Amino acid sequence: MALLSDTLARVKPSPTIAVTTKAQALKAEGKDVIGLGAGEPDFDTPEHIREAAKRAIDAGKTRYTAVDGIPELKAAICAKFLRENGLTYTPAQVSVGTGGKQILYNALMATCNPGDEVIVPAPYWVSYPDMVLLAGGTPVAVECGIESNFKLTPEKLEAAITPKTKWFIFNSPSNPTGAGYTRDELKALTDVLLRHPQVWIMSDDMYEHLVFDDFEFCTPAQVEPALYDRTLTCNGVSKAYAMTGWRIGYAAGPVALIKAMAVIQSQSTSNPSSVSQYAALEALTGPQDFLGEWRKVFQGRRDLVVSMLNEAKGITCPKPEGAFYVYPDISGCIGKATASGTVITNDEVFATALLEETGVAVVFGAAFGVSPNFRVSYATSDEVLREACARIQSFCASLV
Ligand SMILES: Cc1ncc(COP(=O)(O)O)c(C=O)c1O
């Protein structure tokens with residue numbers, strides 16, 4: 001009897017984690033490596049949040065909690081949705097999990113049957129298709145190229161929907177492109193969804209607070225209240241509050257779905273860390289002013305990276321509305337050879353050669369479903385970004 005399950009054969013390990021691990025290993029060997037692969041802010045968790053966690057430990061908040069979140073945190077999440085998104089939810093409509101990832105996974109596990117299709121606009125966050133596959137569903141990737149700024153059009157959404165479509169996963173601002181949908185662009189998509197009552201909407205709003213210039217964030221249930229009863233609005237503290245290691249994500253939606261998600265969680269991980277829940281409570285209810293400061297820093301980095309990458313030969317880099325990623329197109333580099341003779345046949349070869357020859361680690365586009373591209377995470381200092389982009393420029397200039 002084989003040790004490994006058929007389920008495991010359906011999925012692959014996260015390529016973004018693989019790139020980060022490879023970059024760390026090269027660094028440990030003493031190589032001069034700049035890692036632009038990791039999807040996490042370089043800031044520390046703010047002090048008031050860390051202090052709240054310490055207080056929770058000292059107060060003995062170290063035991064099991066209710067499976068899908070302590071009541072205080074659920075209340076704070078309801079207040080957040082009302083304050084920031086104009087959405088009214090009761091605590092019974094809220095689920096807290098071990099990171100945004102577990103929340104999305106719980107929802108898919110609780111709802112997908114074999115044959116159920118889940119529409120995933122590409123480029124997508126690497127985990128969506130694999131989580132759908134783990135849950136027994138069928139991911140349906142819909143390619144959205146640079147010509148539409150990597151955004152899904154209503155025509156493409158309409159064409160992808162079938163009687164078997166169970167979910168539509170929406171992510172704005174997006175990982176890996178940073179693309180954010182305007183209210184009008186989102187309304188055009190929700191108009192399509194209104195015509196297909198069998199389709200549920202999973203909105204992944206993880207990068208809500210990381211938007212630039214005068215871009216206004218919006219989420220489907222807010223833009224089209226008629227979809228409220230079949231929308232799961234997902235969010236978390238990882239990216240906005242620099243809390244990736246604390247592992248707290250949350251969602252709000254119809255009670256029946258939330259209850260089903262709690263069943264999955266109760267038989268897998270039980271409650272998310274008690275201490276982390278108190279930290280997340282402080283994140284959502286404490287001062288929010290640093291978010292504006294961080295936004296400014298990220299916006300400056302975006303501008304730096306976009307302008308430097310657009311100066312690299314063979315690269316076109318659109319300017320995204322949010323998150324901390326850019327997703328440059330490298331069509332102009334395909335077919336060329338590096339100084340050591342490697343022919344750049346695709347974006348994976350490009351990323352490998354870039355890492356080996358210049359020490360800059362990026363994630364190749366095929367991992368996100370649209371090629372030839374690569375993803376840069378610019379959650380690092382201006383100085384490091386300048387050096388990395390300069391290396392990318394000279395790498396591209398050396399291609400023949
Ligand atoms: C779009 C998107 N959704 C969800 C997550 C998961 O976040 P968490 O660390 O809270 O699990 C990530 C993390 O990279 C992400 O980029």
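This is a predicted model: local features need pLDDT of at least 70, side-chain atom pairs count only at pLDDT 80 or more; totals for chains, interfaces and linings use all residues.
1. The chain falls into two domains. Domain 1 is made of two stretches, 6-44 and 290-398, while domain 2 covers 63-285. Taken over C-alpha atoms, the centres of domain 1 and domain 2 are 26 Å apart.

2. Where the domains meet, 32 residues of domain 1 are in contact with 32 residues of domain 2. On the domain 1 side, at least two residues each come from helix 1 (6-10), helix 2 (15-28), helix 12 (289-310) and strand 9 (325-326). Helix 12 gives the largest share of that side, with five residues. By residue class, the side of domain 1 that touches domain 2 has 16 nonpolar, seven polar and nine charged residues.

3. Helix 4 (residues 71-85) packs with helix 11 (residues 274-285) at an angle of about 30°, and their axes are 9 Å apart. Since the cut-off is 35 degrees, helix 4 and helix 11 are therefore roughly parallel to each other. The crossing of helix 4 past helix 11 is left-handed.

4. Which residues make the contact between helix 4 and helix 11? From helix 4 they are Glu-72, Leu-73, Ala-76, Ile-77 and Lys-80. Helix 11 supplies Gln-277, Ala-280, Leu-281, Leu-284 and Thr-285. Of the residues in this contact, six are nonpolar, two polar and two charged.

Definitions and conventions. Residues are numbered from 1 along each chain as its sequence is written. Domain bounds come from an automatic or database domain assignment. Two residues are in contact if their C-beta atoms, placed from the backbone, lie within 7 Å. Helices (H or I, at least four residues) and strands (E, at least two) are DSSP runs, numbered from the N terminus. Ala, Val, Leu, Ile, Met, Phe, Trp, Tyr, Cys and Pro count as nonpolar, Asp, Glu, Lys and Arg as charged, and the others, Gly among them, as polar. Axes are lines fitted to C-alpha atoms, for helices over the stretch in contact, and angles run from 0 to 180 degrees between N-to-C directions. Angles under 35 degrees count as roughly parallel, over 145 as roughly antiparallel, 65 to 115 as roughly perpendicular and the rest as oblique. A crossing is left-handed if the near helix is turned anticlockwise from the far one by less than a right angle, and right-handed if clockwise.
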